[in-house]
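This briefing is meant for a reader who is meeting the structure for the first time. Please keep the sequence and the model at hand while reading.

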Amino acid sequence: MDFNEFDRDSLTVCLNKLKKNMYKSMAEILKPYDLKNAHFMYLSLLLREGDLTLMELSKALHFDRSNTSRVIKDLIQSGYIFCGRQDDTKRKYKVGLTDEGKRLTQEIMQKMEVEKQANSAKLSKQEWNTLISLLDKLAE
């Protein structure tokens with residue numbers, strides 16, 4: 001297939017619109033908690049994976065270390081994350097969710113699941129599988 005300039009522009013516009021709508025929806029859910037989308041990405045990763053180093057967090061989310069440090073600092077100050085050394089002989093610190101952080105993250109995830117279900121109804125399961133497969137192919 002010959003992919004001309006118009007097709008790329010249409011794809012770019014469509015993906016940007018989809019991203020904007022997703023972030024807007026997430027922002028509305030997170031607003032009462034005084035959190036941003038980036039905060040939630042770290043919280044949900046820590047809920048799924050458990051305690052991680054700052055480097056592991058940065059790598060998993062494809063963010064630079066300075067951004068990770070800034071977000072983690074905010075979350076520590078909010079009481080949602082703790083930070084501690086792996087052990088006394090190592091310089092690496094691991095961060096993890098506090099009990100309040102776990103409760104909060106699970107609560108937000110439930111609200112996001114409701115939103116996800118509403119959006120999922122727009123496409124059949126086969127359409128979703130095809131869409132994800134094609135986007136993965138383009139992302140490689």
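The structure is a predicted model. Helix 2, at residues 37-49, has axis contacts with helix 3, at residues 54-61, and helix 2 also packs with helix 5. The largest pocket holds about 1400 Å³ of space.

**Helix 2 and helix 3**

- Two packed helices are described by the angle between their axes and by the distance between those axes.
- For helix 2 and helix 3, the axes come within 11 Å and cross at roughly 110°.
- Helix 2 is therefore roughly perpendicular to helix 3, since angles of 65 to 115 degrees count as roughly perpendicular.
- On the side of helix 2, the contact is made by Met41, Tyr42, Leu45 and Leu46, and helix 3 contributes Leu57, Ala60 and Leu61.
- By class, the residues of this contact between helix 2 and helix 3 are seven nonpolar, with no polar and no charged residues.

**Helix 2 and helix 5**

- The axes of helix 2 and helix 5 are 10 Å apart, and the two helices pack at an angle of about 105°.
- That angle makes helix 2 roughly perpendicular to helix 5.
- The contact of helix 2 with helix 5 comprises seven nonpolar, three polar and one charged residues.

- Tyr42 belongs to helix 2.
- Tyr42 has a relative accessible area of 0% and is therefore buried, the cut-off for buried being under 20%.
- With neighbours within four places in sequence left aside, Tyr42 is in contact with Leu57, Leu61, Phe63, Asn67, Thr68, Val71, Ile72 and Leu75.
- Leu57 and Leu61 in that set are also among the residues through which helix 3 meets helix 2.
- Between the C-alpha atoms of Tyr42 and Leu131 there is a separation of 26 Å, and the two residues are 89 residues apart along the chain.
- Ser44 is likewise placed in helix 2.
- The relative accessible area of Ser44 is 7%, so Ser44 is buried.

- Asp34 sits in the loop between helix 1 and helix 2.
- Asp34 counts as exposed because its relative accessibility is 69%, where the cut-off for exposed is over 50%.
- The phi of Asp34 is positive, at about 60°, although Asp34 is not a glycine.
- His62 lies in the loop between helix 3 and helix 4, the latter covering residues 65-78.
- His62 has a relative accessible area of 72% and is therefore exposed.
- His62 also has a positive phi, near 60°, in a residue other than glycine.
- Lys92 is in the loop that runs between strand 2 (81-85) and strand 3 (93-97).
- With 53% relative accessibility, Lys92 counts as exposed.
- Lys92 and Met112 are 33 Å apart in space, C-alpha to C-alpha, and 20 residues apart in sequence.
- Asp99 is part of helix 5.
- Asp99 has 66% relative accessibility and so counts as exposed.
- From Asp99 to Lys111 the C-alpha to C-alpha distance is 19 Å, with the two residues 12 residues apart in sequence.

**The largest pocket**

- How much space lies in the largest pocket? The space amounts to about 1400 Å³.
- The largest pocket is lined by 31 residues, of which Leu18, Met22, Lys116, Asn119 and Trp128 are the closest to its centre.
- Helix 1 (5-30), helix 2, helix 5 (99-120) and helix 6 (125-139) are the elements that give two or more residues to this lining.
- Which element supplies the largest share of the lining? Helix 1 does, with 14 residues.
- By class, the lining of the largest pocket has 16 nonpolar, six polar and nine charged residues.

Terms used. Residues are numbered from 1 along each chain as its sequence is written. This is a predicted model: local features need pLDDT of at least 70, side-chain atom pairs count only at pLDDT 80 or more; totals for chains, interfaces and linings use all residues. Side-chain values use heavy atoms; hydrogens and water are left out. Axes are lines fitted to C-alpha atoms, for helices over the stretch in contact, and angles run from 0 to 180 degrees between N-to-C directions. Helices (H or I, at least four residues) and strands (E, at least two) are DSSP runs, numbered from the N terminus. Angles under 35 degrees count as roughly parallel, over 145 as roughly antiparallel, 65 to 115 as roughly perpendicular and the rest as oblique. Contact means heavy atoms within 4.5 Å. Ala, Val, Leu, Ile, Met, Phe, Trp, Tyr, Cys and Pro count as nonpolar, Asp, Glu, Lys and Arg as charged, and the others, Gly among them, as polar. Buried means under 20% relative accessible area, exposed over 50%, partly exposed in between (1.4 Å probe, protein chains only). On a 1 Å grid over the protein atoms alone, a cavity is a set of points where a 1.4 Å probe fits but cannot get out, and a pocket is an open set with protein on both sides within 12 Å along at least five of seven lines; lining residues have an atom within 4 Å of a point. Grid points are joined across faces, edges and corners, and a volume is the space filled by probe spheres set on the points.
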